[in-house]
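Work through the exercises below with the sequence and the model side by side, and try each task before reading its solution.

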Amino acid sequence: MNNEYFMADIFERLIKNYGPIGQHRERAHGYFAFPKLEGEVGSKMKFRGQEMIVWSLNNYLGLANHPEVRKADADASAQYGLALPMGARMMSGNSDLHEQLERELAEFVHKEDSILMNYGYQGIMSAIDAICGRHDVVVYDAECHACIIDALRMIPGHRFVFKHNDVEDCEKQLLRAQALVDKQQSGGVLVITEGVFGMAGDQGRLKEIAALKKKVPFRLLVDDAHGFGTLGKTGAGAGEEQGCQDEIDLYFSTFAKSMASIGAFMAGPRTIIDYIRYNIRSQIFAKSLPMPYVVGNLKRLELLRSKPELKDNLWKNALALQNGLKEKGFDIGKTDSVVTPIYMKGGVEEATAMVMDIRENYKIFCSIVVYPVIPKGHIIYRLIPTALHTQEEIDLTLKAFSETKAKLDAGAYKVAEIPDMANK
Ligand SMILES: Cc1ncc(COP(=O)(O)O)c(C=O)c1O
């Protein structure tokens, strides 16, 4: 060892502090964090050997286990395996089916063209990186998903954040951005927001934000992960729902929610999608989406188009759940999508004791969000209804929530520490 060097071992720092959730891992692993849901994907699955009603899966339309989807996935896997196509799209990994899926996705969201991405997270990051030059300025919603925030850490230009869904503040930040562009005499402005914010379930105010184009020129990029397939007359998402799809310059969605699959796409004008196609580093320097995913996603998209009853069932269940919760006096905030948050008050330890009760005694599996993700003293349950849930499951859930909320208010879950439920 050379004693002249300052010695700080990175690994030593990491194991001193495992982070906001990691710090609880010794009691939480395998139960509150990294739980294993087993069996066929559906409204009921097994958790630690017990069958539970599940409200945690973004399997909005119930496609994960749809017989036609399962057959398409299996047939494509048998026909192509996971290797094909080999290489990146640009070099040797292109196929007619990849291009067909891109054409069909573009048509579905009423855009000229689209580009496939292997994952939503890295795809949108890389697309934003490809689009934004040194002098471009990004204006974005404060509650944008981590993948957008991470993209903004990569780009070289300035960015201005506006208060969540606050159109007035968005205009203020747009004016700042425009002033900077004027000063630089170079660059343009890109606004980034979401179709549906996945935590609170509120739709981005796309129509009002798009209307600001009349005051300040900008391009609009919308991440519609939770709106694609669930909103709009044809399922084309939040823009279609709000009557402003044409004002969205770049439309993005992952396949991880309504499509119950893997992959993502960005759609927009042909010229711009072509630019992205030739400049998006995460796709140029990575292997192409395997054929079974492409074929499986074509089948899913066909079902989105041909089975509107899936979306109707999803909404029937979402409204039954949301109205039932409201009738019972729960605060479900401002959701205007199927995402159903329930806001409660309590500490982290109480929240975990309540989750344990609801799993062990009511056989209901759902996710909670606590400090430090949200302010201290607050608990958010996040329920994701699907087309597959039944009225009986909704009724049992409403009853369980009423009873556990009464116990929470009576202080029955006050425990000194997080219950030790880790895998041993
Ligand atoms: C809003 C939003 N954008 C992007 C992503 C990332 O997509 P993927 O899971 O395909 O990486 C997610 C989560 O899946 C999301 O909720």
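Two strands pair if DSSP finds at least two bridges between them, and strands (E, at least two residues) and helices (H or I, at least four) are DSSP runs numbered from the N terminus. This is a predicted model, in which local features need pLDDT of at least 70 and side-chain atom pairs count only at pLDDT 80 or more, while totals for chains, interfaces and linings use all residues. Residues are numbered from 1 along each chain as its sequence is written.

**Exercise 1.** Find the strand order of the seven-strand sheet, and state which helix packs on it at about 160° to β5.

Solution. The order in this open sheet is β4-β10-β9-β8-β7-β5-β6, and the pairing is mixed. At the edges stand β4 (113-117) and β6 (159-162), each of which pairs on one side only. From one strand to the next the twist averages 20°, where axes are lines fitted to C-alpha atoms, for helices over the stretch in contact, and angles run from 0 to 180 degrees between N-to-C directions. The helix is α6 (residues 146-154), which touches β5 (137-141), β6, β7 (189-194) and β8 and whose direction makes about 160° with that of β5; contact requires C-beta atoms, placed from the backbone, within 7 Å.

**Exercise 2.** Describe the neighbours and the side-chain directions of β9.

Solution. On the β8 side, strand β8 (residues 219-223) pairs with β9 in the parallel sense over three bridges, and Asp223 has Phe252 as its bridge partner. Four bridges join β9 to strand β10 (residues 264-268) in the antiparallel sense, with Tyr251 opposite Ala267. Now consider direction: in a regular strand the side chains alternate between the two faces of the sheet. Accordingly, Leu250, Phe252 and Thr254 point one way from β9, whereas Tyr251 and Ser253 point the other way, and all are buried, that is, with 20 or more other C-beta atoms within 10 Å of their own, C-beta atoms being placed from the backbone.

Notes. A residue is buried if 20 or more other C-beta atoms lie within 10 Å of its own, exposed if 12 or fewer, and partly exposed in between; C-beta atoms are placed from the backbone. Two residues are in contact if their C-beta atoms, placed from the backbone, lie within 7 Å.
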